[in-house]
Amino acid sequence: MPRQIPDGDAPLIGKQPVWDLPVRLVHWLLAGLITFSWWSVHHHHTDWHIWSGISILTLLIFRLLWGFVGSSTARWANFIRGPRTVIDFLRGRWTGIGHTPLGALSVVALFLAVSVQVGLGLISQDEDGIFAGPLSTLVSSDTSDKARDIHELWFETVIVGLIALHIAAIIYYRIRGKGLTKPMITGKAVTDPGAAPMRPGKWWVAVICLAVALGVARWVVAGAPPFGP
Amino acid sequence: MRVHWFAAAAALSLTAAGVAIAALPKNKALAIMHDRHEGMEKIGDTNKLLRREITSSSPFMPAVQSGAATIAGLSVKASGWFPKGTGPELGKTGAKPEIWQNQQDFVSKLHAFQGAARAFNAAAKAGDMNAIKARYADLNGACKACHDKYRMEMHH
């Protein structure tokens with residue numbers, strides 16, 4: 001969000017805005033909802049699990065759009081870089097704010113992996129046929145069963161693996177004296193001198209992105225195409 | 001005569017509910033576990049197809065009726081699927097040992113399932129879509145109530 005942090009918090013010398021409010025909210029809501037999805041499905045709350053997945057879908061659509069029209073550090077184009085930049089970064093020849101070239105790969109991997117997971121969930125049905133994703137009627141019953149098996153396997157391997165890598169990287173940086181968690185909460189961090197400051201997004205653009213995301217999610221809940229197969 | 005009939009029915013329903021007194025031979029127990037697995041899977045597959053019909057904009061009534069009859073028929077057979085000695089101590093199964101520890105509660109849940117399957121079958125035969133939807137929801141609730149408590153998470 002473009003709104004500035006009140007003056008009372010300002011005198012943190014050297015700390016500059018690096019993550020806008022939408023980026024931080026999406027991050028923590030995703031962390032919370034993925035945890036909740038995992039918990040709910042193992043505690044016989046498959047209905048909550050499905051709604052959690054639809055909330056995640058909404059966040060993914062919002063974040064996808066915000067990656068085109070949001071603040072400078074939220075934009076895909078500003079952090080997805082070629083292999084040469086990744087190598088430069090690994091050799092210590094990179095300065096800037098926002099996602100590092102290597103961290104960006106992790107962001108993209110997580111975003112894609114969670115998107116696949118949501119897509120599989122939307123067409124799945126549970127083993128008793130009591131619960132089904134809103135798009136399950138677009139495919140056969142056998143396909144819905146297979147989708148559920150892959151959904152489970154995808155979580156246990158790819159999603160858990162990427163989350164483990166994500167947390168391992170945070171711990172690695174922590175040990176080397178660079179805290180990443182606090183900036184993801186406050187939005188501010190000590191930045192490299194001379195790095196271009198974050199260009200904030202506009203709050204009303206975020207509202208439009210959210211409205212579009214909610215609209216698409218509502219369409220999916222209705223059963224998609226012309227509201228059904 | 002009438003009294004005898006009731007006594008016989010009561011005895012039958014007790015054994016049928018799985019309160020077998022005599023120990024079950026192993027091959028017999030394994031055969032029952034196999035039937036149980038196949039039967040439950042058939043109920044599940046039928047339920048999946050029913051869900052697709054019932055939630056579709058134009059449900060195909062004969063498919064709903066045949067599915068409802070299949071589940072009602074299997075629900076009656078389910079009375080013989082849980083005799084003592086067919087738990088995880090014998091072989092791979094989703095049946096939790098609690099089934100035989102809380103026999104009364106389990107049997108009441110099994111009866112609730114059978115009643116719900118009967119009611120759903122009757123509604124399907126009558127053909128009123130609103131009643132079908134309501135009885136279908138009841139049936140799924142009965143499945144879930146028992147599975148949540150008495151079925152283990154299975155990975156196959």
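At what angle do the axes of helix 2 and helix 8 of chain A cross, and within what distance do they come?

Mentor: The model is a predicted one, and the answer below should be read accordingly. Helix 2 of chain A covers residues 46-69, and helix 8 of chain A covers residues 203-221. Their axes come within 8 Å and cross at roughly 140 degrees. Helix 2 of chain A is therefore oblique to helix 8 of chain A, because only angles over 145 degrees count as roughly antiparallel. As to its hand, the crossing of helix 2 of chain A past helix 8 of chain A is right-handed.

The residues that form this contact can now be named. Helix 2 of chain A contributes A:Ile54, A:Leu57, A:Thr58, A:Ile61, A:Phe62, A:Leu65, A:Trp66 and A:Val69. Facing them in helix 8 of chain A are A:Val205, A:Ala206, A:Cys209, A:Leu210, A:Val212, A:Ala213, A:Leu214, A:Val216, A:Ala217, A:Val220 and A:Val221. By class, the contact of these two helices holds 18 nonpolar residues and 1 polar residue, with no charged residue.

A:His44 lies in the loop between helix 1 (21-41) and helix 2 of chain A. Its phi is near 60 degrees, a positive value in a residue other than glycine. A:His44 has 15 other C-beta atoms within 10 Å and is therefore partly exposed, because a residue counts as buried at 20 or more such atoms and as exposed at 12 or fewer. A:Ala224 belongs to the segment after helix 8 of chain A. For A:Ala224, phi is near 55 degrees, again a positive value in a residue other than glycine. With 16 other C-beta atoms within 10 Å, A:Ala224 is partly exposed.

The surroundings of this part include a second chain. Chain A gives 10 residues to the contact with chain B, and chain B gives 14 residues. On the side of chain A that touches chain B, 2 residues are nonpolar, 6 are polar and 2 are charged. Chain B itself has 6 helices and 0 strands, and its elements run α-α-α-α-α-α from the N terminus on. Of the 156 residues in chain B, 28% are buried. Among contacts in chain B between residues at least 6 apart in sequence, 71% join residues at least 24 apart.

Methods: Residues are numbered from 1 along each chain as its sequence is written. Chains are lettered from A and ligands numbered from 1 in the order in which they are written. This is a predicted model: local features need pLDDT of at least 70, side-chain atom pairs count only at pLDDT 80 or more; totals for chains, interfaces and linings use all residues. Two residues are in contact if their C-beta atoms, placed from the backbone, lie within 7 Å. Ala, Val, Leu, Ile, Met, Phe, Trp, Tyr, Cys and Pro count as nonpolar, Asp, Glu, Lys and Arg as charged, and the others, Gly among them, as polar. Helices (H or I, at least four residues) and strands (E, at least two) are DSSP runs, numbered from the N terminus. Axes are lines fitted to C-alpha atoms, for helices over the stretch in contact, and angles run from 0 to 180 degrees between N-to-C directions. Angles under 35 degrees count as roughly parallel, over 145 as roughly antiparallel, 65 to 115 as roughly perpendicular and the rest as oblique. A crossing is left-handed if the near helix is turned anticlockwise from the far one by less than a right angle, and right-handed if clockwise.
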